[in-house]
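Here is a short report for a first look at this structure.

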Amino acid sequence: MTGSTKKFHGIALKETLGMPLSGFKFGKKKLKEEERHLQANNRDFNLEFEYANNSIKTSKYNFFTFLPLNLFEQFQRIANAYFLFLLILQLIPQVSSLSWFTTVVPLVLVLTVSGVKDAIDDFNRHKSDNHVNNRPVQVLINGRLKGDKWMNIQVGDIIKLENNNFVTADLLLLSSSEPHSLTYIETAELDGETNLKVKQALTVTAELGENLQKLTDFNGEVKCEAPNNKLDKFTGTLILRGEKFALDNEKMLLRGCTIRNTEWCFGLVIYAGPDTKLMQNCGKTAFKRTSIDRLMNVLVLVIFAFLALMCFILAIGNGIWEHDKGYYFQVYLPWAAGVNSAAYSGFLMFWSYVIILNTVVPISLYVSVEIIRLGNSFYIDWDRKMYYPLNDTPAQARTTTLNEELGQIKYIFSDKTGTLTQNIMAFNKCSINGKSYGDVYDMAGQRTEITEHTEKVDFSYNQLADPKFVFYDHSLVEAVKLDDAATHGFFRLLSLCHTVMPEEKKEGNLVYQAQSPDEGALVTAARNFGFVFRARTPETITVVEMGETKVYELLAILDFNNVRKRMSVIVRSPEGNLTLYCKGADTIVYELLESSCGPLKEETMEHLNEFAGEGLRTLVVAYKNLQEDYFQEWQKRHHEASTALDGREEKLSELYEEIEKDLMLLGATAIEDKLQDGVPQTIETLTKAHIKIWVLTGDKQETAVNIGYSCNMLHDDMKDVFIIEGNTSEDVLDELRTARKKMNPDSFLDSDEIIKFENPSMKSRILPEEQANGVYGLVINGHSLAYALEGNLELELVRTACMCKVVICCRVTPLQKAQVVELVKKYKKAVTLAIGDGANDVSMIKTAHIGVGISGQEGMQAVLSSDFSFAQFRYLQRLLLVHGRWSYIRMCKFLRYFFYKNFAFTLVHFWYGFFSGFSAQTVYDQWFITLYNLVYTSLPVLGMSLFDQDVDDRWSMQFPHLYEPGQQNLYFNKIEFVKCVLHGIYSSLILFFIPYGAMYDTMRSDGKAIADYQSFALMAQTCLLIVVSVQIGLDTAYWTAVNQFFIWGSLSVYFAIIFTMYSDGMYLIFTASFPFIGTARNTLSQPNVWLAIFLSIILCVLPVIGSRFLKAQLMPTISDKVLRKIRAAKKQPPPPLPKTRLRRTSTRRSGYAFSHQHGFGALIMSGRNMRPKLPFTTTGTFSPNSEKNRHK
């Protein structure tokens, strides 16, 4: 960076513009930061670089910018800009043929409604920002801890955090209450994982402790990388007293984490506010618009062109007519003031016709669209079937502009933890010595379903039992009480072989801090069955076995890693017996068993198959008795290997392999990673609707794949599940191409049409759909995904992944989640939906077309950024298949009908121009023009658009195939629009020429003439209104009292208004405003008029009925076929479905998903995370019931 040497020595040289020479800014232009330099406790120094403070801003407007910015956004909608232009035209007297208020009132109404809605949305964002920015924190200022708000924290400040506090900013950990300044954090909001992670301060800063004077005197300088979005990487240097100390990610506490199991810690602020890694991953709030909105913008342009063409034709006609006839006709019909030629008259008529024919795109269209969307949003808010009573959470449509897009979803991107799963691990079943436990049987020996009424095992005999633990199989408790050796050995192993840390602040009140929720579940199970893990030191593990306290000497922890997929401990019992206890993935441990375990292996394998078939996470446990002399010799070699400088990992691995041989099988455990209710059924239903589901999770590959099988996304019927885990871009490319070649060999032929997309100059990047030759799944790791998202590989990734039915991305960062969603949006013409519950899901929720937040255990950040929210994943199927589909169908029906009725209405003016000297004379009464869209036709179409449904919600869920037309956008597109226009043109021809022919040279029954302009106008508008009312009756599939009232009511209102307005009284009071005196009673009393009206209706409606009938018979759509099935099913109602638990048959092993960090065993053995604070850390025996053994 320019001038960096000056910056690093803190010399704040100023340029003539008054800016720091070496900061980000030069003049008014902000340069990119290349390296961060800061000094602890020195705000003046740090302010030179103008680093961001800790306040965050997710809102779009403030008090002063709201009006200009919001109006600018609204006038980006072409129609709004058009109506503004129309308003200006209507203010010109020479051109105006209609009053200005006919445009200004609806325009202001539309802008106001949209503006108020945007203001409410932004006000909620301001509230959220203020809530976060005003959180309290303790900051060290002038030697004292002072309470302050988050937003006032600055880079270089030292702050104090306490247990269960959220981390304020990205901090360098200085010291903590724990031994060796360890700090435990939970990173659920960053990566979705709830297992604890350990951070450790530098020794040189750990000495500061909580001594405020020492912390105040601390003046270390930090040089580190510029702010970035890499959650797992940090590089920097601390300079203190002339010495340099390396800094890495293990010493950083990131914003979004929560402090756990640590009384206090101090940290130095490195990045604040928008520079923090969490905010760098959040992405920008995009202005979301539906595909129908975008299509309407295009259609409005097409309509404008069509309007201009019509006006041009009529203007040319006017010029010719005025030249040939009008010029000689001026004595009777003089030209307007200022008009001195036929050409100028034609020019003025062009703009007059623009005003008259503007109703092809009436502004009421946009008012109606907003009302329909608002109404359908209320249906979501009011839906009791999407209300979750346990935490009183209703579904909420937080955005009211995206409803119909819910009916077009093709891809769902889902988080795993807290979205698909409850984030709760439960010890569900086990196999001990060839006997399976966990199922419940009735008196006849038949297995029964476990329900809320099933009797639970009573653990009240065990004072140290966890009251939240639930188990239903009483036979396992009986086996423990009968001192069954295998059962005791099984639970003894579970109580010893782990890396859990116990916490007992009150005697008997045990809390386990587990690195992995799986381990917590296993240790809790052992605790309830009488083998209570009570305490640990670096050398001992204290277990209360059936009420008797035993202290085991911990000799070694053979730690877990991704290759070994197992962990072991070597302990010496109080009796002096040496034993190795091992637990791990069944495929691995089975290879290490002694040959004598053959029969037991087969029985256990049957149980494992059954457990895995139910989607449980299985784990095999085994043990081995060791000889003292062999172990002593092995321990020496282990010490040498652990201190070796070269090849330490390989040497240790060999030693582990050596001692973990010839194990004796004890049994297997089955843990349920509890899914949210109804998740497998929901995914199955959505898959039937041809929606592709991608899981994007920060969790480990094995955990994510297990959940994939549990949810029925992955299953054994799939042809293959591809694993992409290459460590270079070449490896990833090979793996992707190998997968694609297997799925679709034809995609590698020269005829492959997608080859042309490789050309970067191609403007259109939408890839066509490619079909695989079977059902496939794809699993890709985070590091491989980073390569795959690079420019030259992204096309390969999207081609391969989109051919798969299910895609699972593991170990992904929040930003990668957004990049994956953006990739599909870029290359596929598909509507995307992202669903998640944590801060790590915010970026993908903002990026997708539709963002859904689940109000779960990981806070409310996802909900605050979402467009729709609810409490359970299972409600997604109702949101899409019922509300989404109905909203889409209603909106499409509305648009088709609205464009039809307005083309039919407006084009009558066009035909009339040829019979009126192209004089911009309106064919209808001016009051009818004003009230047509506002009163006469508004309510019937709103009634249909708010209440219509082709089938009810039950059939929508039972036949997911009904969702497909929305995905393919069949109900409203450019072709459908052209059909509406042609239909409107045909109707307008009938509606003009039938009344014209019926009126031409016609006499009344009393011999008086009826062929006058006013009678013709009344007849034409009456024909029009009855025809469009009959048309909406044909379009309505679901009749309610409201629909009936609106349609008949609108016709009644029309006749009431015309008889009132055309009465003698109204003419006498407002002579200029109501010139059609007596027209209604004179015209509508003639039989031939009603005959002509009836003929018009028949000619307009008959082709529609005929074409719809023939289409349904000869070319039925998906909906037609399903509707026939539904009609057949209604005649013969099906019997109620038996309630069966969804079970998955599988031969796949579901390995144990260790989530804790590699090396945690070494941390325990070193004792660096221990402190002598528990009453039994040094005792040999301890009984909870013995007063004499209780330490003071």
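Buried means under 20% relative accessible area, exposed means over 50%, and partly exposed lies in between. Arg-1124 has 37% relative accessibility, so it counts as partly exposed. Keep in mind that this is a predicted model.

**A positive patch**

Arg-1124 lies in helix H39. It also belongs to a patch of positive charge on the surface. Arg-954, Lys-1121, Arg-1127, Lys-1130 and Lys-1131 gather there with it. Which helix gives the most to this patch? Helix H39, spanning residues 1118–1131, does, with five residues.

**Cysteines**

A disulfide is a covalent bond between the sulfur atoms of two cysteines. How many disulfides does a search of the whole structure find? The search finds zero. Cys-265 is buried, at a relative accessible area of 1%. Cys-711 is buried too, at 0% relative accessibility.

**Positive phi angles**

Most residues other than glycine have a negative phi. Met-546 is not a glycine, yet its phi is positive. Ala-920 also has a positive phi. Both residues sit in loops.

| Residue | Phi | Loop between | Relative accessible area |
|---|---|---|---|
| Met-546 | about 50° | strand S25 (540–545) and strand S26 (548–558) | 36% |

Note on methods. Residues are numbered from 1 along each chain as its sequence is written. This is a predicted model: local features need pLDDT of at least 70, side-chain atom pairs count only at pLDDT 80 or more; totals for chains, interfaces and linings use all residues. Side-chain values use heavy atoms; hydrogens and water are left out. Patches are made of residues with over 30% relative accessible area and no salt bridge: like charges are joined within 9 Å, nonpolar side chains (Val, Leu, Ile, Met, Phe, Trp, Tyr) within 5 Å. Accessible areas come from the Shrake-Rupley method with a 1.4 Å probe; for residues, only the protein chains shown count as cover. A salt bridge is a side-chain nitrogen of Lys or Arg within 4 Å of a carboxyl oxygen of Asp or Glu. Lys and Arg count as positive and Asp and Glu as negative; His and the chain ends are not counted. The place of a charge is taken as NZ of Lys, CZ of Arg, CG of Asp or CD of Glu. Helices (H or I, at least four residues) and strands (E, at least two) are DSSP runs, numbered from the N terminus. Buried means under 20% relative accessible area, exposed over 50%, partly exposed in between (1.4 Å probe, protein chains only). A disulfide is a pair of cysteine sulfur atoms within 2.5 Å.
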